[in-house]
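User: I'd like a close look at one part of this model, the barrel, and then a tour of whatever surrounds it. Could you walk me through it in one go?

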Amino acid sequence: MPMSQGFKDRLIPIVDQLAAHFGTPFHVYDEVGIRETGEALKQAFSGVAGFREYYAVKALPNPRILQLMFEMGFGADCSSIPELLMSRELGARGEDIMFTSNNTDRAEFQAAAADGGCVLNLDDISLIDKVPEFPELVCFRYNPGPRRTGNLIIGNPVEAKYGVSDEQVVAAYRKAQERGATRFGLHTMVASNELDYTYMVETARMVLEMTEQVEKALGIRFEFVNIGGGFGIPYRPEQEPLNLTAMAEEITAQFEAFQQKHGYVPRMYMESGRFMTGPHGCLVTTAINHKDTYRQYIGVDACMSALMRPALYQAYHHIDVVGKPDSAPTEVYDVVGSLCENNDKFAVQRELPQIEEGDLLVIHDTGAHGHAMGFQYNGRLRPKELLLRTDGSVELIRREETVADYFATLTFDADNFKPTAG
Ligand SMILES: *Cc1c(COP(=O)(O)O)cnc(C)c1O
């Protein structure tokens, strides 16, 4: 099931009022649902000592959302300077932050080390010499290459730009030791939107085995392993959710076995984005035009600047029409925005209840990689974000972009440079 019944029950009765008060389009996020998922995650992994979720900030980089994560005791997984700044602004320090950049530049290393530092997660062996002040605690992102296949979005790890290769791992930790590191973690991220829990169990097994190999070679004891994000959510009604209970049980058993065998065990971290917030957000938009040509088009007041996934990945996002029961007569529509791109479609040839101009459409599962991925191409601006609080109040947590925002980068100090000849 996409969007939970609980979220629907909280949102649908008030959605007309929200549309009237705030104006459409908007993304709205459900605090109750986010907290429930966070608590379920903690509960599921309560048998793994030191378990911690580092919320992948890129999925929904809004300070109010990040604040909920910190209130639940989670850390932040950042991969850019703005993400670091946002996390620190809310008080995250040191080991509250994993910095997982790739193709990292000097400014990023400096930002990572500033303000109490963070857990530096290095993406490549060549970066070791480029870290200006090498931290005591370091982590590498491991790319297993041909050892793992099968995840559909990330695809074959051999073709992924991320991480240290299998044969480089020991050398990477040795080099880090030479630069003064004394504390170590191991990270991987080999899946995206994976609904098969056994894939994640395999990932946990893989990182634990890898720490054994490195310990054997270098005598390093790992403080933590991070199994990354990529936990899937069911976007389609017929899909089953990830089996969190079974996954946690099997992973917990592996950590217990490691403890038995070695007399210690690394802490387990994960950095889920989609799983934490994806189903707890939706995009509410108004039908403004109905066009009947070779196909029936419903034009809405949002476009792909608010949600790129359908255009980028042909991703399915479930759509409800507010006030129209499933039993209502249906039509087959393309639901489209107004960008001059033919892939600006939230749904293609979708069977939906008959839609009238003025109807509200609820596009499900936009709580992760939704607003965050938006852009301004074609002068189409990004919508506002709302938070439906646990007490039933609704808070504006980001305003919509304005034309002034669009023109803001055209205001700058004149700089006319004449290169010298030759
Ligand atoms: C994007 C990303 C995540 C989060 O992925 P989800 O699919 O949202 O769980 C976690 N870690 C890293 C390094 C990422 O790049």
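**The barrel and its surroundings**

Strands 2-3-4-5-6-7-8-9 form a closed barrel of 8 strands, and the pairing is parallel. From one strand to the next, the twist averages 30 degrees. Keep in mind that this is a predicted model.

Lying across strand 5 and strand 4 (94-99) you'll find helix 6 (residues 106-113). Helix 6 runs at about 150 degrees to strand 5.

Now for the ligand. There are 13 residues around it, and K58, G230, E271, R274 and H369 come nearest. Sorted by type, that shell has 2 nonpolar, 6 polar and 5 charged residues. A polar side-chain atom of H369 sits 2.7 Å from an oxygen atom of the ligand. The backbone takes part too: a polar backbone atom of G230 is 2.8 Å from a ligand oxygen, and for a polar backbone atom of G273 the distance to a ligand oxygen is 3.0 Å. On its own the ligand would expose 380 Å², and the protein buries 91% of that.

Next, a helix pair. Two packed helices are described by the angle between their axes and the distance between the axes. For helix 3 (residues 31-44) and helix 9 (residues 244-262), the axes come within 9 Å and cross at roughly 35 degrees. On the helix 3 side the contact involves A40, L41 and A44, and these meet L244, A248 and T252 of helix 9. By type, the contact has 5 nonpolar residues, 1 polar and no charged.

T24 and P25 are joined by a cis peptide bond, with omega at about 0 degrees. P25 belongs to the loop between helix 2 (15-22) and strand 1 (26-30). Then there's N193, which has a positive phi of about 45 degrees although it is not a glycine. You'll find N193 in the loop between strand 7 (183-188) and helix 8 (197-218).

Last stop: strand 16 (residues 384-388) and strand 17 (residues 394-398), which run antiparallel and are joined by 4 bridges. L386 stands opposite L396 of strand 17. The hairpin these strands make has 5 residues between them, and G392 takes a positive phi near 90 degrees there.

Methods. Residues numbered from 1 in each chain as written. Predicted model: local features only at pLDDT ≥ 70, side-chain atom pairs only at ≥ 80, totals over all residues. Heavy atoms only, no water. Pairing = 2+ DSSP bridges. Helix = DSSP H or I, 4+ residues; strand = E, 2+ residues; numbered from the N terminus. Axes fitted to C-alpha atoms, helices over the stretch in contact; angles between N-to-C directions. Contact = heavy atoms within 4.5 Å. Near = heavy atom within 4 Å. Polar contact = N/O pair within 3.5 Å; in protein donor to acceptor, adjacent residues only side chain to side chain. Areas by Shrake-Rupley, 256 points an atom, 1.4 Å probe, with all protein chains shown as cover. Nonpolar A, V, L, I, M, F, W, Y, C, P; charged D, E, K, R; others polar.
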